[in-house]
Amino acid sequence: MTDKYAVIGNPIAHSKSPLIHKMFAEQTGQDISYEAVLAPLDGFATTVKRLRDEGYKGCNVTVPFKFEAFQLATQLTPLAEKAQAVNTLKFDGDTILGNNTDGTGLAQDILYNLKIALNNKRVLLMGAGGAAYGVTLPLGHVGAKLTIVNRTADKARALASSHISDKFMVSGCSFDEIAGQQFDVVINATSAGLTYSEIPLPPTIFAPGALAYDMMYGRETPFMKFAHEHGAAIVSDGLGMLVEQAAESFWWWRSARPDTRLVLEALRGKK
Ligand code: ATR
């Protein structure tokens with residue numbers, strides 16, 4: 001029998017996840033279906049309940065429901081717990097398991113698709129909202145020396161201090177405080193791209209050979225334009241992160257590893 005999965009969001013019509021998971025299923029021979037489900041803004045929990053009643057095995061969760069999914073889960077992986085957000089649910093009897101694959105997806109895209117090492121690299125993470133929370137711990141796991149910068153600096157400090165440990169050096173600050181500093185990797189986890197607004201970055205922020213990475217995809221953001229104009233060696237959007245986080249979810253559900261490179265090439269229109 002075909003196992004059913006879905007992605008829940010609002011809006012959801014333009015989600016690429018159904019296509020990505022269809023390609024994963026074909027590649028790995030997994031018998032699954034995967035569809036996009038629009039939940040009313042006040043109806044996330046009801047939608048999850050309906051899917052569980054209909055025998056779905058799990059779902060992905062996207063904007064604006066990741067925090068509600070975190071609250072709804074009855075068991076959390078350590079990554080979800082630290083992120084305070086859930087992008088993947090697995091249903092097992094009465095148990096709702098919550099995971100967060102966003103940060104692992106980001107790290108894998110940088111390490112394996114862009115082929116840029118992160119261990120001991122100076123990494124600047126911009127933003128301290130849900131998107132930044134989702135990726136902080138996995139960046140620590142791969143050895144990044146992380147600075148979190150946010151317009152509201154206290155939020156960056158709070159995010160940093162909730163992750164600091166003897167294995168993970170991470171600090172939070174304001175944009176003023178990064179004046180004169182350079183970074184090997186600069187990641188945009190703010191929502192500035194959505195409103196097409198500028199981020200107050202110093203023009204000398206990119207170290208020689210630096211990667212500028214925007215977690216958004218679909219069009220060039222002002223940050224990506226800024227990076228091209230101010231010496232970033234590589235500028236990437238977040239399409240690879242989307243595919244890699246999907247692969248992590250697929251792996252968690254199905255114990256099968258798809259070839260993400262082929263899927264990413266297909267989405268970029270290269271094949
Ligand atoms: P998300 O879940 O996408 O992270 P969020 O929780 O609303 O959304 O967080 C948005 C983030 O983008 C915040 O870090 C916000 O900064 P503030 O905390 O100071 O509000 C950041 N952000 C939004 N627009 C920005 C801009 N134009 N310049 C810099 N940071 C911006």
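Me: In which loop does Pro11 lie?

Reply: This is a predicted model, in which local features need pLDDT of at least 70 and side-chain atom pairs count only at pLDDT 80 or more, whereas totals for chains, interfaces and linings use all residues. Residues are numbered from 1 along each chain as its sequence is written, and side-chain values use heavy atoms, with hydrogens and water left out. A cis peptide bond joins Asn10 and Pro11, with omega at about 5 degrees. With helices (H or I, at least four residues) and strands (E, at least two) taken as DSSP runs numbered from the N terminus, Pro11 lies in the loop between β1 (3-9) and α1 (17-28).

Me: What is omega for the peptide bond from Val63 to Pro64?

Reply: Pro64 has its place in the loop between β3 (58-61) and α3 (66-72). The peptide bond that leads from Val63 to Pro64 is cis, and its omega is near 5 degrees.

Me: What is phi of Lys115?

Reply: Lys115 lies in the loop between α5 and β7 (122-126). Its phi is positive, in a residue other than glycine, and the value is near 60 degrees.

Me: How are α5 and α6 oriented to each other, and what is the hand of their crossing?

Reply: Helix α5 (residues 102-113) and α6 pack at an angle of about 55 degrees with their axes 7 Å apart, where axes are lines fitted to C-alpha atoms, for helices over the stretch in contact, and angles run from 0 to 180 degrees between N-to-C directions. Angles under 35 degrees count as roughly parallel, over 145 as roughly antiparallel, 65 to 115 as roughly perpendicular and the rest as oblique, and α5 and α6 are therefore oblique to each other. A crossing is left-handed if the near helix is turned anticlockwise from the far one by less than a right angle, and right-handed if clockwise; the crossing of α5 and α6 is right-handed.

Me: What is the hand of the crossing in which α9 passes α10?

Reply: Helix α9 (residues 239-254) and helix α10 (residues 260-267) pack at an angle of about 140 degrees, with their axes 10 Å apart. That angle makes α9 oblique to α10. The crossing in which α9 passes α10 is right-handed.

Me: How many cavities of 30 Å³ or more does the structure hold?

Reply: On a 1 Å grid over the protein atoms alone, a cavity is a set of points where a 1.4 Å probe fits but cannot get out, and lining residues have an atom within 4 Å of a point. Grid points are joined across faces, edges and corners, and a volume is the space filled by probe spheres set on the points. The number of cavities of 30 Å³ or more is 2.

Me: Which residues line the largest cavity?

Reply: The largest cavity has a volume of about 40 Å³. Its lining divides into 5 nonpolar, no polar and 1 charged, with Ala, Val, Leu, Ile, Met, Phe, Trp, Tyr, Cys and Pro counted as nonpolar, Asp, Glu, Lys and Arg as charged, and the others, Gly among them, as polar. The lining residues are Glu198, Ile199, Leu201, Pro222, Phe223 and Phe226.

Me: Between which domains does the second largest cavity lie?

Reply: The second largest cavity has a volume of about 30 Å³, and its lining includes Leu79, Asn100 and Tyr133. Helix α6 (130-141) gives the most to this lining, with 4 residues. Domain bounds come from an automatic or database domain assignment; both domains give residues to the lining, so the cavity lies between domain 1 (3-100 + 241-267) and domain 2 (103-237).

Definitions and conventions:
1 Å grid on protein atoms, 1.4 Å probe; cavity = no way out; pocket = protein on both sides within 12 Å on 5 of 7 lines; lining within 4 Å.
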